[in-house]
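Subject: Structure for your review

Dear colleague,

Please find below the structure that I am handing over to you. My findings follow it, and I would be grateful if you read them with the structure open.

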Amino acid sequence: MSRSLHWVVAAALLVIYVCGSLIFLYGPSKELNLVHWHQPVGVFVFVLTIWRLVMWLRVKKGETGRGIKHFLSSFTLPHYVQFGLLISCLLMPIFGVLMAFFGGYSLHLGFAEIPSFLPKNKEAADFFYLAHNSLAFFLVCLICLHIAGAIKAHFAKKALQKKLDALLKM
């Protein structure tokens, strides 16, 4: 289940990134309607991230190696990257929604539209636009670190397996 969730979120982040990049480059054009893809998929990732955090922080009776206490006691680079990915996936949609609402735009969920209930405020919209886009860059950097770590772990595991096989043959 966890591996499936990982790849669903990865695919959703790819869709969000492509749509967001095209919106950034060409603006929110009516013909492409990219905002109507970008926003609901972003909300979907937000909900999955909350679910992932709840499941991750939950500690079952008699189980060790999980939960916030274990996480904080064994902070390594992979933990920092994972923590950064989770926090980014929480903050980006919040900044995006605030950017849209302060800009006077609605939030499109695919099946419903939530109109802006905040007063139009260009300064706040610009701030959240900058925060949303800066966090997107940070998220791409974290994803690259995550991929590099996965590749390193894969090859380290293969090398360890070869050494173990050689020892067992002796």
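F127 has a relative accessibility of 52%, so this residue counts as exposed, the threshold being over 50%. Please keep in mind throughout that the model is a predicted one.

Aromatic residues

How many aromatic pairs does a search of the whole structure find? The search finds 4 of them. F102 belongs to helix 4 (residues 77–102) and F128 to helix 5 (residues 122–169), so the pair ties together parts that are 26 residues apart in sequence.

Are these two residues buried or exposed? F102 has 16% relative accessibility and therefore counts as buried. F128, at 14%, counts as buried because buried means under 20%.

F128 also pairs with F127: their ring centres lie 5.1 Å apart with the planes at 75 degrees, so this pair is edge-to-face. One aromatic cluster is formed by F95, F102, F127 and F128.

Helix 1 and helix 2

Helix 1 (residues 2–26) packs with helix 2 at an angle of about 150 degrees, and the two axes are 9 Å apart. Angles over 145 degrees count as roughly antiparallel, and helix 1 and helix 2 are therefore roughly antiparallel to each other. Their crossing is left-handed. On the side of helix 1, the residues that meet helix 2 include L5, V8, V9 and A12; among their partners in helix 2 are V41, F44, V45 and L48. By class, this contact consists of 16 nonpolar, 4 polar and 1 charged residues.

Helix 2 and helix 4

Helix 2 (residues 35–57) also packs with helix 4, at an angle of about 140 degrees and with the axes 9 Å apart. This angle makes helix 2 oblique to helix 4. The crossing of helix 2 and helix 4 is left-handed. Helix 2 contributes residues including V45, F46, T49 and I50 to the contact, while helix 4 contributes, among others, L86, C89, L90 and P93. The contact of helix 2 with helix 4 divides into 11 nonpolar, 4 polar and 1 charged residues.

Yours sincerely,
A colleague

Terms used
Residues are numbered from 1 along each chain as its sequence is written. This is a predicted model: local features need pLDDT of at least 70, side-chain atom pairs count only at pLDDT 80 or more; totals for chains, interfaces and linings use all residues. Side-chain values use heavy atoms; hydrogens and water are left out. Rings of Phe, Tyr and Trp (its six-membered ring) pair if their centres lie within 6.5 Å; planes under 30 degrees apart count as stacked, over 60 as edge-to-face and the rest as tilted. Helices (H or I, at least four residues) and strands (E, at least two) are DSSP runs, numbered from the N terminus. Buried means under 20% relative accessible area, exposed over 50%, partly exposed in between (1.4 Å probe, protein chains only). Axes are lines fitted to C-alpha atoms, for helices over the stretch in contact, and angles run from 0 to 180 degrees between N-to-C directions. Angles under 35 degrees count as roughly parallel, over 145 as roughly antiparallel, 65 to 115 as roughly perpendicular and the rest as oblique. A crossing is left-handed if the near helix is turned anticlockwise from the far one by less than a right angle, and right-handed if clockwise. Contact means heavy atoms within 4.5 Å. Ala, Val, Leu, Ile, Met, Phe, Trp, Tyr, Cys and Pro count as nonpolar, Asp, Glu, Lys and Arg as charged, and the others, Gly among them, as polar.
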